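Please study the sequence and the three-dimensional structure shown here before reading on.

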Amino acid sequence: MAWEGRLTFLLLFFSVLLMLSHVCNCHPHSARCMNSTCATDKTSNTTKKASDIAAEVAGYADVAKQIIDLAVFGAAQNRSYRRLADFTDTIGNRVSGSQNLELAIKYMFNALTQDGLDVHLEPVKIPHWVRGKESAEMIAPRAKSLAILGLGSSVGTPPEGIEAAVLVVQSFEELKRRSSEAMGRIVVFNQPFVSYGETVAYRAFGASEAAKVGAVATLIRSITPFSINSPHTGWQDYQDGVRRIPTACITVEDAELMWRMAQRGQKIVVRLTMEAKTLPDADSFNTVAEIRGWQHPEQVVLLSGHLDSWDVGQGAMDDGGGAMISWEALSLIKDLGLRPRRTLRTVLWTAEEQGGVGAQQYYNLHKVNMANFDLVMESDLGTFTPVALQFTGSDAARKVMEEVVKLLAPINTTKLEAHGEGTDISPWMQAGVPGASLHVADSRYFWFHHSEGDTMTVQDPRDMNLCSALWAVVSYVVADLQDMLPR
């Protein structure tokens with residue numbers, strides 16, 4: 001009887017263990033089990049108490065520190081910087097539709113595959129604008145070569161160029177007041193830099209506004225607060241039904257020079273030559289790499305940066321850095337043997353500079369599964385010293401994210417700010433998916449933006465370590481929480 005009693009006890013014991021294993025649903029790569037039954041609470045974050053959410057997130061403190069230590073002090077130190085340097089030094093700039101962009105996509109596909117990630121390419125159609133040869137010269141009141149960069153989507157001049165008198169204005173309002181003077185002129189916009197978001201309207205719409213009053217071309221002061229005679233390019237938009245005229249950016253120095261000459265009443269004449277043209281849309285790809293989730297592989301936390309750049313500089317800052325930390329985050333998590341409940345997906349977008357073209361096609365393809373997108377993240381304003389995480393989402397989701405950023409105390413980046421941003425993730429956020437972006441100490445960002453100055457020289461390896469750590473901690477923890485962020 002004693003032996004039979006022991007057998008009965010053992011059977012009961014193993015039955016309980018088996019039951020607990022099903023309840024726990026634990027997994028060797030999860031950050032931790034909260035208690036002997038893993039506290040498998042099916043209650044959504046919308047009804048969980050704030051104290052329960054705080055306790056769950058705080059349980060990731062150790063794994064967050066492991067990620068930070070690996071990225072900032074450990075074997076992965078400076079890896080994202082080295083990867084970026086090798087990539088940009090090898091490929092160079094990567095404008096939409098160019099052979100360089102396609103070489104960049106192949107490079108990243110191979111590199112991500114060699115890193116042991118699940119990688120695939122998703123085809124898209126993208127704009128193919130070609131700059132060609134371009135030049136500008138002041139003919140009067142004295143001879144002077146003008147440094148210019150034609151703006152994306154601009155038409156070219158006739159082969160012989162355009163030679164015309166100049167009208168210099170400082171605003172759209174001044175152009176309207178002086179519209180009678182614009183006919184047959186090259187309009188020069190010498191608008192002061194207020195902020196990128198406000199001042200970029202002159203780059204985007206200056207050509208069409210000038211064409212409406214009879215101008216034959218526009219030269220626009222570069223959208224930057226600082227210049228060493230360096231023009232900055234970017235995309236511009238022609239308005240439907242308005243004559244398309246050539247448009248380029250000039251330097252701050254030359255815009256101010258012509259303004260001073262005009263104020264003295266001097267007649268300014270400029271000769272502009274541009275070979276710019278738009279070719280048929282090109283075939284390209286968004287590049288996708290994943291660590292599949294162990295429990296909910298269909299649910300996704302998306303990290304991203306864009307792989308294309310303008311056709312000047314190296315595209316190291318805009319947006320090579322964002323692309324590399326979005327790869328590095330997966331590498332850090334993989335190196336630590338971690339695997340979250342949900343899928344971590346890095347997307348390297350194509351043709352962001354032309355208005356998020358690749359990202360919009362990705363959204364159109366995947367929006368049918370919108371309910372499974374937990375959080376979308378984008379880094380596209382530099383990878384300088386991180387200051388905060390910017391977030392857009394419901395109040396309930398914000399409470400969760402406020403706890404998540406507390407895990408970044410070791411790198412002193414625990415601030416959660418409003419308004420996640422990013423051209424490529426904006427369709428998702430507009431549809432109600434929570435979104436996050438990286439806020440860095442970006443006071444110098446627009447010094448180099450879309451110019452020959454966007455090179456590896458502006459990057460700092462320690463800053464990239466910190467950005468990578470932040471990106472990895474936030475994405476991993478959100479992907480491994482028991483519940484998706486509440487909408």
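The model is a predicted one. The protein chain has 487 residues, of which 57% count as buried. Its C-alpha trace spans about 115 × 40 × 40 Å along the principal axes. The secondary structure consists of 14 helices and 16 strands. Among the contacts in the chain with a separation of 6 or more, 82% are between residues 24 or more positions apart.

The interior may be considered next. In soluble globular proteins, nonpolar side chains tend to be buried together. In this model, the largest nonpolar core has 83 residues, and those with the most contacts inside it are Leu375, Leu389, Met401, Trp471 and Val474. Helix H14, which covers residues 461-480, contributes the most to this core, with 13 residues. Apart from it lies another core, which has 30 residues, including Ala248, Trp259, Val270 and Leu272.

Which residues are in contact with tryptophan 471, leaving aside its neighbours within four places in sequence? They are Leu303, Ser304, Ile325, Ser326, Ala329, Met377, Glu378, Ser379, Leu389, Ala436, Ser437 and Leu438.

Helix H14 also packs against another helix. The axes of helix H3 (residues 61-72) and H14 come within 8 Å and cross at roughly 155°. Because angles over 145 degrees count as roughly antiparallel, H3 is roughly antiparallel to H14. The crossing of H3 with H14 is right-handed. On the H3 side, the contact involves Val63, Ala64, Ile67, Ile68, Ala71 and Val72. On the H14 side, these residues meet Arg462, Asn465, Leu466, Ala469, Ala472, Val473 and Tyr476. By class, this contact of H3 with H14 has 11 nonpolar, 1 polar and 1 charged residues.

Helix H2 (residues 50-58) and helix H11 (residues 395-406) pack at an angle of about 35°, and their axes are 9 Å apart. H2 passes H11 in a right-handed crossing. Ile53, Ala54 and Val57 of H2 make the contact with Val400, Glu403 and Val404 of H11. This contact of H2 with H11 has 5 nonpolar residues, no polar residues and 1 charged residue.

Individual positions now deserve attention. Phenylalanine 73 lies in the loop between H3 and helix H4 (79-91). Is phenylalanine 73 buried or exposed? Its relative accessibility is 59%, so phenylalanine 73 counts as exposed. Phenylalanine 73 and leucine 336 are 263 residues apart in sequence, while their C-alpha atoms are 14 Å apart in space.

Leucine 121 belongs to strand E1 (residues 118-130). With a relative accessibility of 30%, leucine 121 counts as partly exposed. Not counting residues up to four places away in sequence, leucine 121 touches Ile105, Phe109, Phe285, Asn286 and Thr287. Leucine 121 and serine 309 are 188 residues apart in sequence and 19 Å apart in space, C-alpha to C-alpha.

The backbone itself remains to be considered. Most residues other than glycine have a negative phi, and most peptide bonds are trans. Proline 141 is in the loop between strand E2 (134-140) and strand E3 (144-146). A cis peptide bond also joins aspartate 318 and aspartate 319, where omega is about 0°. Aspartate 319 is situated in helix H9 (residues 316-335).

Positive phi values occur as well. Serine 153, a residue other than glycine, has a phi near 80°. Serine 153 is placed in the loop between strand E4 (148-150) and strand E5 (162-169). The relative accessible area of serine 153 is 12%, so this residue is buried. Asparagine 412 has a positive phi of about 55°, although it is not a glycine. Asparagine 412 is found in the loop between H11 and strand E15 (416-418). With a relative accessible area of 66%, asparagine 412 is exposed.

Notes:
Residues are numbered from 1 along each chain as its sequence is written. This is a predicted model: local features need pLDDT of at least 70, side-chain atom pairs count only at pLDDT 80 or more; totals for chains, interfaces and linings use all residues. Side-chain values use heavy atoms; hydrogens and water are left out. A nonpolar core is a set of buried Ala, Val, Leu, Ile, Met, Phe, Trp, Tyr and Cys residues joined through side-chain atoms within 4.5 Å. Buried means under 20% relative accessible area, exposed over 50%, partly exposed in between (1.4 Å probe, protein chains only). Helices (H or I, at least four residues) and strands (E, at least two) are DSSP runs, numbered from the N terminus. Contact means heavy atoms within 4.5 Å. Axes are lines fitted to C-alpha atoms, for helices over the stretch in contact, and angles run from 0 to 180 degrees between N-to-C directions. Angles under 35 degrees count as roughly parallel, over 145 as roughly antiparallel, 65 to 115 as roughly perpendicular and the rest as oblique. A crossing is left-handed if the near helix is turned anticlockwise from the far one by less than a right angle, and right-handed if clockwise. Ala, Val, Leu, Ile, Met, Phe, Trp, Tyr, Cys and Pro count as nonpolar, Asp, Glu, Lys and Arg as charged, and the others, Gly among them, as polar.
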